[in-house]
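Here is a friendly walk through one protein and its ligand. Have the viewer open and follow along section by section.

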Amino acid sequence: MDNLNTTEMALNDQLSFEHFRNEVLKDYKVMCESRETSLLGRKEVLTGKAKFGIFGDGKEAAQVAMAKFFKEGDFRSGYYRDQTFMFASGLATVEQFFAQLYADPNVENDPFSAGRQMNAHFATKFVDDNGEWLPLATRKNVSSDIAPTAGQMVRGLGLAFASKIFRNVKEANSLTDLSNNGNEICFCTIGDASTSEGHFWETMNAASVLQVPLAVFVWDDGYGISVPKKYQTTKASISQALSGFQKEELTNGVNIYKLKGWDYAGMCEVLDEALQNIRETHTPALFHVEEVTQPQGHSTSGSHERYKGPERLDWEKEWDCLKKMKEWIISNALSDEHELNTIEANAKEHVKESRNKAWEKYQAPILEQVKTTVAKLTPLQNADPSIQAIASELNSVREPMRRDVMKALASVIDITNDESLKQYYSKLTTDNSKLYNSHLYNEGPKSALKVNEIKPYYKDDAPVVNGFEVLNKYFDELFSTNGKVVAFGEDLGFIGDVNQGFSGLQAKHGEQRIFDTGIRELTIMGQGIGLALRGLRPIAEIQYLDYLLYGLQPLSDDVCTTHYRTAGQQSCPIIVRTRGHRLEGIWHSGSPMGMIINSLRGMYVCVPRNMVQAVGMYNTLLQGNDPAIIIECLNGYRLKEKMPSNLIAYTVPLGVPEVIKEGTDITMVTYGSTTRIVQEAAATLDKQGISCEIVDVQTLLPFDIHHKIRDSLQKTNRIVFIDEDVPGGAAGYMFNKVMEEQGGYKLLDVSPRTITGKAHRPAYSSDGDYFSKPNVEDIVRVAKEMMSE
Ligand SMILES: Cc1ncc(C[n+]2csc(CCOP(=O)(O)OP(=O)(O)O)c2C)c(N)n1
């Protein structure tokens, strides 16, 4: 400064004033465009062009302020109110917003979800078309939104936690494409009412204990749909309720800030310093943004006049953040009424144009299909008088959808059986299937199903060891060779898990890579999700399968839908490790496999019978991008197994059952711990002249993709499905797969059976187990019945 003369200083002041003024006006423009988007979006729903709308009106000032500090490398884990933030960050256009509102399935038009998600559920691309991670450290990143309120919290924790790993683990720190020394922040947004969810509290506690760069913004507009916050939150204030979390000198904790949702300048000032502090110190923060309005109410599903009194409605008008922003700009002489009016008018025009473009693009391929269909129907009109009516009805639909075309085609095919129509119908079916049914799992080179099988190899003098020792040696080799892997869970770090799979490995590989967590299954899953989304390979442990229920929601709602709901643009290759099936008592013997396979479509479900097999599954999964759960056998850790010498290399192909005993009379299909019961029963039956073939399915999702069980059934013509789940659980699922999908019913000589656990939870101790789960004698009896039927 010393060298500058007065004129230069004045010029500099003028320049920085101009810069500031431009920034403010740019933000005002984004706010106006966002508000117009909300207003017009609602109309699109009310006039029937879109089915449902939810908008960010009232949150504009807070979100342009927040976006100012969202940098390359940062992440957002938010919810459906954040359109202004997306516009201000340059991650969404108004046109794209409308494309999603219309459910345009073209990913070029709706780049967030290819029409699969309701509007305002945003995402950016994390992986390329080959499943390779994009350089997220140089991009602004948005993890795909989900609708279950507060579901974003646990993911947000994990995304922030990943920065800690990138900063502290040298193997991860070198992955500079994925992180810049862990300097990123995860911006997490949530509505005030959703802070009532356990997810919120568990996340805040975990973030506070872990000290991760998580910035939580609570948009407090006073209501959760219609329910006011006095029924939601202690003292009707989330910042007050959380005050015990406040970080103090030499403690962990969270920094808590209160902001006003209409006070643009005030918010910018606080956020500037607070966010820099998070970046540098990894101390999480909560921004309680109060006095936020919701001018159009919760969504298009109802009107807020039903639950807000006239006083509140008047207050919302008076304290609308756009109004306040305009007043502030004028009172600070940054602009005048005329210029701001012009910005508002231009915003209106821009939004209308964007809406029109989005609609035209959405309709164009459908109109083309209508045209083609009508042209194909015209020459067939003589065949039946109703065909003309079908064609003209299709032609007259003002806003046609793909289903209108399919329905018209199907009706005419029913009448005419016309070959060319059938071909066209079949082509459209394939096209539509790509649009709506693809990407449940990875389909490209990173599909776990494309991993080649490598068999375990044993030296002649291979030692026979306990099952847990196989895992222990494997994990040691894995952590020595794969710098992206981290493992964590309750008691997993210091003592090396309750069954010693990780025994001694924390000391060797470091407590940043192998570590204990609090007892909080939900956020353990969240940590795994965040790490996986950011390109690491987490093994997140649920101590016992029975406690998976606590962590099931994020797996079912978030992990299983990630790849699908982003049309392949994000992958979440978390491996959930747990142990289950028979051991002792009601909560340490569960085998709720039906619950798992039905709630976890989108994950692979591996059910190894021993630890050698489990290792092969870990190896397979680590080569792909698909999420999975591996359920080790609780009673398998002390089972004697031969130690393979290619531990880090061999793979178990997913969806390929293994015939572990050949036989000719009955096919017994099973998995996991029950396999040993079945083996014992088969040995008894052998002695009685009944030859059983035992098929271990190895994975329930996917299930027997080459129909090997059918091959077995072809030989035996008798089949029984045996597991420890409740009646009609996973045994029922296997039954259905083999009978219906594989056409197994055609090969039966006697009626097929299932042998399962009882409907109640397993009782404690050996007798409890015997009378609650399938036992050898049950299986022998059923097999004999089948032979004499
Ligand atoms: C787990 C779950 N329960 C209920 C709902 C239905 N729901 C959607 S939004 C909402 C209210 C959320 O209010 P708040 O968190 O204050 O956010 P706002 O919509 O006001 O921004 C409810 C109950 C849901 N989506 N997810």
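## The ligand and its shell

Sorted by class, the residues around the ligand are 7 nonpolar, 6 polar and 4 charged. Please keep in mind that this is a predicted model. The shell holds 17 residues in total, and the closest are Tyr79, Tyr80, Arg81, Ser194 and Tyr223.

Tyrosine 79 places a polar side-chain atom 2.7 Å from an oxygen atom of the ligand. Aspartate 221 also uses a polar side-chain atom, which lies 3.3 Å from a ligand oxygen.

## Two buried loop residues

Let's turn to threonine 293, in the loop that runs between strand S8 (285–290) and helix H10 (310–318). Is threonine 293 buried or exposed? Its relative accessibility is 1%, so threonine 293 counts as buried. Beyond its neighbours within four places in sequence, threonine 293 has contacts that include Asp57, Lys59, Trp315 and Asp320. Asp221 is also among the contacts of threonine 293, and aspartate 221 is the residue with a polar side-chain atom 3.3 Å from a ligand oxygen.

Serine 591 sits in another loop, between strand S13 (575–580) and helix H20 (593–599). Serine 591 counts as buried because its relative accessibility is 4%. Its side chain makes a polar contact of 2.8 Å with the side chain of histidine 581. Setting aside residues up to four places away in sequence, serine 591 touches Leu545, His581, Glu724, Asp725 and Lys773.

## A helix and some backbone details

Helix H1 covers residues 6–46, which makes 41 residues. From first C-alpha to last, H1 reaches 60 Å, close to the 60 Å expected at 1.5 Å a residue. Just after H1, glycine 48 has a positive phi of about 90°.

Positive phi values also turn up in residues other than glycine. Alanine 150, with phi near 75°, lies in the loop between strand S2 (141–142) and helix H5 (151–168). Alanine 333, with phi of about 55°, belongs to the loop between helices H11 (321–331) and H12 (337–377). Alanine 150 is buried at 0% relative accessibility, whereas alanine 333 is exposed at 59%. Finally, look for the cis peptide bond from leucine 701 to proline 702, where omega is near 0°. Proline 702 lies in the loop between strand S20 (699–701) and helix H23 (708–716).

Technical notes
Residues are numbered from 1 along each chain as its sequence is written. This is a predicted model: local features need pLDDT of at least 70, side-chain atom pairs count only at pLDDT 80 or more; totals for chains, interfaces and linings use all residues. Side-chain values use heavy atoms; hydrogens and water are left out. A residue is near a molecule or strand if one of its heavy atoms lies within 4 Å of it. A polar contact is a pair of N or O atoms within 3.5 Å; within protein, one must be able to donate a hydrogen and the other to accept it, and residues adjacent in sequence count only if both atoms are side-chain atoms. Ala, Val, Leu, Ile, Met, Phe, Trp, Tyr, Cys and Pro count as nonpolar, Asp, Glu, Lys and Arg as charged, and the others, Gly among them, as polar. Helices (H or I, at least four residues) and strands (E, at least two) are DSSP runs, numbered from the N terminus. The expected span of a helix is 1.5 Å times one less than its number of residues. Buried means under 20% relative accessible area, exposed over 50%, partly exposed in between (1.4 Å probe, protein chains only). Contact means heavy atoms within 4.5 Å.
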